[in-house]
Amino acid sequence: MGKSPHVSMEVWDDGVAVVAISNPPVNALAVQIINGLQEKFDEATRRNDVKAIVLTGRDGKFSGGFDINVIQTVHQTGDVSFMDGVSIDLVVNTIEECKKPVVAALQGLALGGGLELALGSHARIAAPGTQLGLPELSLGVIPGFGGTQRLPRLVGLPKAIEMMLLSNLIFSEEGKELGLIDAIVSSQELLKVSREWALDIAGRRRPWVRSLHKSDKMGSLSEATQVLKAARLQAMKTAPNLPQHLGCLDAIEDGIVHGGYSGVLKEAEVFKDLVLSETSRGLVHVFFGQRATSKVPGVTDVGLEPRQIKKVAVIGGGLMGSGIATALITSNIHVVLKEASSEYLHRGIKTIEGNIRNSEKRGKLTKGQADRALSLLKGALDYSEFDDVDMVIEAVTENIPLKQKIFNELEEVCPAHCILATNTSTVDLNVIGENTTSQERIIGAHFFSPAHIMPLLEIVRTDKTSAQAILDLMTVGKAMKKVPVVVGNCTGFAVNRTFFPYSLSAHILAHLGVNIFRIDGVISSFGLPMGPFQLQDLAGYGVAVAVSEQFEGAFPEDRSFKTPLIDLLIASGRDGKNNGRGYYIYEKGSKPKPDPSVLPIIEESRKIANIMPNGKSIDVSDQDILEMILFPVVNEACRVLDENVVVRASDLDVASVLGMGFPSYRGGIMFWADLVGAKHICERLTRWSELYGGFFKPSSYLEERAARGIPLSAPAPSPSS
């Protein structure tokens, strides 16, 4: 049957029907699979030669869960009828209430809907190291095939809530301790033992357990109520904008109060509401957007094979260089770290060692893996180790003459195939490589700080960068567990350029009289990790000054705002988190606290800027603040799209989520903008530009899309031939 999704059934001589799911790569539960399971179970139930049933998956995996493409189709059509009956007809009536015992034989992974099929079976036998979990909440929905009811009855309420609300996965070994798994056997023995187990249930030698009716692990009603109450408070505190958390708890509670069957019906009702929510649409959009970043026209579709990158040189062992080196050695790539002096080199190596040991302490690496990673690191004070490197990543300070000098030297000392990458966050690549003859090898590898933790890698190409160099860097990025997004070469590239207006509009608002701590509060409530002023504290004011200079030199004057505030803060001896004093006070071991002594400095800055209408603070709502901060970001994102800096709008969405912490449940900057609507954004920006100046003026791309009613993220119409 080739690779098309299907369900097979084989009846063994012992009278056990083995029903197997086949839908590579993870046996996702596509609609054909759901229908196939129903058919095969109906047949096995009817046949007199079948005494028991074993449910399993082909190619070493049980099932990775419900097919997310189906959820995407629901978002496009609004039709949820596909869900009707799966939970009741298939899992309850066909599997759990089957007149013949059903045993699930699990290996590889049993996640989401896959685990829910297993929960509906009468026993679960697993191979060692099988991953188990119900991670549906990470896609904005809840388990929809009875998981909210059966998991608590098998593992107890607190553990079930933790697994579902945090989307935590466990291995089969822990599953056995919890009572989720009945036995662990080797992969080779899995089918044999599962068949024997099923026959033992049929012969009443083992218990026939319908988990929906179990109650021994649920505790008393008052205990369960307390657990749910605590979980609700925690969810409201840690996930205030995510409806799926409370929805999941509602479904669990219904089953505790009214019984499992009622809970299954409640779960289906909550699922249907959530699957059409903006939250689910946003999270699923980011899920698919992340996968789309690996498709780059002219690079990934022209038959090129990535070359093997075995050894990389990193120039500069500061914060960025040491982070990049850490990410490389933990990905099994040899690294030469070059520094200008023994002192700097020693400091860089110490930082890398600290990063690795930290990962070991937190359980991210075993001691063996940590030792192996550090064995791949070598320090250097000259270029003698560069004769066999496959790639160099320059990570020195943003000093153009220094970068140009390094690239000229690299061209001399590195082999001809070596990729020459820079980690610059703002400098034009054509300027860095203007004196070299190897411009097809020059590429931007813009990591986000801290480089060994942040998941985004912006790959910056010039008009001359070869497709091979781009493909190779994409491959290295994936090996480093980064999400590589290919972008064009311009000041700030995609992410920093798009978000340049973020701090500027915050400063404009502050100089119009709005309290800076209120601004930060509004942005944090929206879902970003911190507001623009706390972010400026974190980066340090030197960064703010340097970035402003780059952008002011690259873009027209009315697209910027010269804030006097940063200079005043520096003059008063503040440097944000770097020295513990900025807009906030930073003390070890405690959260940043607003510093009231910064308010007179802001007042002085307002007098210098003198932009308050009639010298009076403007009166704005929290919604106004949110829009005045984020609509200019959307406006710049429109220019980035118009200039083809990114391949597609969803690349910018993914980059905004992974690089700037834009909330994933809002789908990224452009997805969110389309939910708000181009017309509203354009009207508001137009009004503010009349009141407060050209900084807010809508771009021609935004004006045109708003006028024609076209989504901002829709691809540009092809020019008619």
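**Salt bridges and burial**

Reply: R574 is buried, because its relative accessible area is 4%, where buried means under 20% relative accessible area, exposed over 50% and partly exposed in between (1.4 Å probe, protein chains only). This is a predicted model, in which local features need pLDDT of at least 70 and side-chain atom pairs count only at pLDDT 80 or more, while totals for chains, interfaces and linings use all residues. Residues are numbered from 1 along each chain as its sequence is written, and side-chain values use heavy atoms, with hydrogens and water left out.

Me: Which residue forms a salt bridge with R574?

Reply: D595 does, with the closest N and O atoms 2.8 Å apart; a salt bridge here is a side-chain nitrogen of Lys or Arg within 4 Å of a carboxyl oxygen of Asp or Glu. D595 is buried as well, at a relative accessible area of 5%.

Me: And D388 with K311, is each of them buried or partly exposed?

Reply: Their side chains meet in a salt bridge at 2.7 Å, N to O. D388 counts as partly exposed because its relative accessibility is 42%, whereas K311, at 15%, counts as buried.

Me: How many salt bridges does the structure hold?

Reply: The structure holds 42, including one between R210 and E97, whose closest N and O atoms are 3.6 Å apart.

Me: Changing topic, what share of the residues in the protein is buried?

Reply: Buried residues make up 55% of the 721 residues, and the C-alpha trace spans about 85 × 65 × 65 Å along its principal axes.
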